[in-house]
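The sequence and the structure come first.

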Amino acid sequence: HFVLLEVLRESNYKKLDLLFSFYRTEKGAEVDLIIETPRGQTYAIEIKGTDVVDSTHLRGLRSFAEICPTAKLGCACLAPRKRNIGNINIFPWQDWMELLN
């Protein structure tokens, strides 16, 4: 909840014209935050309260990528540094804004 509020606060403060939503399937795959930009870019961000993210935490992002293959995928978490699992960026939650660059 805290991370979502920070994203909304910073977006409002910087007057970014972003559209926010979430993703959930009938089978339970979900992504906590979908961000769409005015330029037509889509970002899917899963938020995890752990510093150890593995592929089991990323099921929702993989599901979303099937319906939106051009989306940039990320997992904001308590990890101390950035890394990748396949095409998914794992990053400290404080760095969420860098995903939009």
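## Cysteines

C77 has a relative accessibility of 1% and therefore counts as buried; buried means under 20% relative accessible area, exposed over 50%, and partly exposed in between, with a 1.4 Å probe and protein chains only. The sulfur of C77 lies 4.9 Å from the closest cysteine sulfur, in C75, which is too far for a bond. A disulfide is taken as a pair of cysteine sulfur atoms within 2.5 Å.

By this rule there are zero disulfides. C68 is in no disulfide, and the nearest cysteine sulfur, that of C75, is 18 Å away. C68 also counts as buried, because its relative accessibility is 17%.

## Basis of the values

The model is predicted: local features need pLDDT of at least 70, side-chain atom pairs count only at pLDDT 80 or more, and totals for chains, interfaces and linings use all residues. Residues are numbered from 1 along each chain as its sequence is written, and side-chain values use heavy atoms, with hydrogens and water left out.

## Sheet

The protein chain has two helices and six strands, arranged from the N terminus as α-β-β-β-α-β-β-β. Helices (H or I, at least four residues) and strands (E, at least two) are DSSP runs, numbered from the N terminus.

The six strands form an open sheet of mixed pairing, ordered β1-β2-β3-β4-β6-β5; two strands pair if DSSP finds at least two bridges between them. β1 (19-24) and β5 (83-85) are at the edges with a single partner strand each, so one side of each has no neighbour in the sheet. On average, neighbouring strands are turned by 30° against each other, direction ignored. β3 (residues 42-47) and β4 (residues 72-77) run parallel and are joined by five bridges. I47 stands opposite A76 in β4.

## Helices on the sheet

Helix α1 (residues 2-13) lies across β1, β2 (30-36) and β3, at about 5° to β2. Helix α2 (residues 59-67) packs on the sheet and touches β1, β2, β3, β4, β5 and β6 (88-92), its direction making about 50° with that of β2. Axes are lines fitted to C-alpha atoms, for helices over the stretch in contact, and angles run from 0 to 180 degrees between N-to-C directions. Contact means heavy atoms within 4.5 Å.

## Whole chain

Along its principal axes the C-alpha trace spans about 35 × 30 × 20 Å. Buried residues account for 40% of the 101 residues. Of the contacts between residues at least 6 apart in sequence, 44% join residues at least 24 apart.
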